[in-house]
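Student: I would like to learn how to read a new structure. Could you walk me through this one, feature by feature?

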Amino acid sequence: FVEVNMITPRYKSETRVLIENRETPYNKPQGDRDAERDRTLLDAEAVQSQVQLALSRDLARTIIRDLKFAARPEFNPNVDGSLLDGILSLAGLSRSRAPMSDEDRILERYFERLTVYQLDKSRVISIEFQSVDPEFAARVANAIAEGYIKLQQQAKQDNIRQAGQWLGSEIERLRLRVAEAESKVEEFRAKSNLYV
């Protein structure tokens with residue numbers, strides 16, 4: 001009873017994100033445009049790839065920096081380290097001052113509290129984060145979802161830009177072919193006296 005009452009409660013916050021297909025008819029390979037039935041075979045793998053993207057260290061570093069994890073004792077025990085903590089760390093009995101950088105320590109605790117998984121038989125991922133502060137847990141889960149969506153938007157914009165470049169080159173190629181065809185038509189009219 002005493003031990004349970006001494007444990008600091010952790011609050012879990014959850015955000016769910018729907019995974020959408022970023023492909024357009026213009027950025028798919030020619031063979032894939034007709035093979036729409038294969039799309040369902042790739043969905044589970046594609047969603048798992050998105051889960052790994054939400055767990056990426058680059059996104060984690062951005063969230064840690066933006067939400068100032070380093071100033072929170074829950075994630076950075078060096079903020080308000082006690083004398084007992086210092087003595088235990090010298091003896092090698094405390095994890096708080098282990099021989100790793102503050103950033104690595106914060107990242108380790110961040111990933112201990114983060115869970116990202118695919119909901120069964122869906123293209124939805126769930127992002128869960130635990131913290132002793134319920135509002136902070138909600139802010140972190142929402143920030144991870146927003147950061148993930150920004151990464152997706154950047155990828156989508158890159159795909160659109162690539163499709164636009166491909167369409168631009170195709171239009172230019174077709175424009176040259178039309179000009180060539182029009183010159184041949186004019187040449188034929190001139191030879192055949194069709195202007196009269």
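Student: Which residue stands opposite K12 in strand 3?

Tutor: Strands of a sheet pair through backbone hydrogen bonds, either parallel or antiparallel. Here K12 stands opposite Q130 in strand 3, and E14 has E128 as its bridge partner in that strand. Two strands count as paired if DSSP finds at least two bridges between them. Strand 1 and strand 3 (residues 124-131) are joined in the antiparallel sense by eight bridges. Helices (H or I, at least four residues) and strands (E, at least two) are DSSP runs, numbered from the N terminus. Before we go on, a word on the source: this is a predicted model, in which local features need pLDDT of at least 70 and side-chain atom pairs count only at pLDDT 80 or more, while totals for chains, interfaces and linings use all residues. Residues are numbered from 1 along each chain as its sequence is written, and side-chain values use heavy atoms, with hydrogens and water left out.

Student: What is the order of the strands in the open sheet?

Tutor: The three strands follow the order 1-3-2, with antiparallel pairing. Strand 1 (11-18) and strand 2 (114-118) stand at the edges; each has a single partner strand, so one side of each lacks a neighbour in the sheet. On average, neighbouring strands are turned by 15° against each other, direction ignored; the axes behind this angle are lines fitted to C-alpha atoms, for helices over the stretch in contact, and angles run from 0 to 180 degrees between N-to-C directions.

Student: How many bridges join strand 2 to strand 3?

Tutor: Five bridges join these antiparallel strands, and V116 stands opposite I127 in strand 3. The hairpin they form has five residues between the strands, with K121 among the residues to look at for its positive phi near 50°. K121 is a residue other than glycine, and it is exposed, with a relative accessible area of 89%.

Student: How do I read "buried" and "exposed"?

Tutor: Buried means under 20% relative accessible area, exposed over 50%, and partly exposed in between (1.4 Å probe, protein chains only). In strand 3, seven of the eight residues are buried, so this strand is largely enclosed by the rest of the structure. L18, in strand 1, is exposed at a relative accessible area of 55%. Contact means heavy atoms within 4.5 Å. L18 touches R123 and V124, leaving aside residues up to four places away in sequence.

Student: Where does K68 lie?

Tutor: K68 lies in the loop between helix 4 and helix 5 (83-90). K68 has a positive phi of about 55° although it is not a glycine, and at 56% relative accessibility K68 counts as exposed.

Student: Which residues does I106 touch?

Tutor: Not counting residues up to four places away in sequence, I106 touches I64, F69, A70, F75 and N76. I106 is buried, with a relative accessible area of 3%. I106 and I64 are 42 residues apart in sequence, and their C-alpha atoms are 8.0 Å apart in space.

Student: Is Q50 buried or exposed?

Tutor: Q50 counts as buried, at 12% relative accessibility, and its place is in helix 3 (residues 39-54). A polar contact is a pair of N or O atoms within 3.5 Å; within protein, one must be able to donate a hydrogen and the other to accept it, and residues adjacent in sequence count only if both atoms are side-chain atoms. Such a contact, of 2.9 Å, joins the side chains of Q50 and Y148.

Student: How many helices and strands does the chain have?

Tutor: The chain has seven helices and three strands, in the pattern α-β-α-α-α-α-α-β-β-α along the sequence. Of its 196 residues, 29% are buried.
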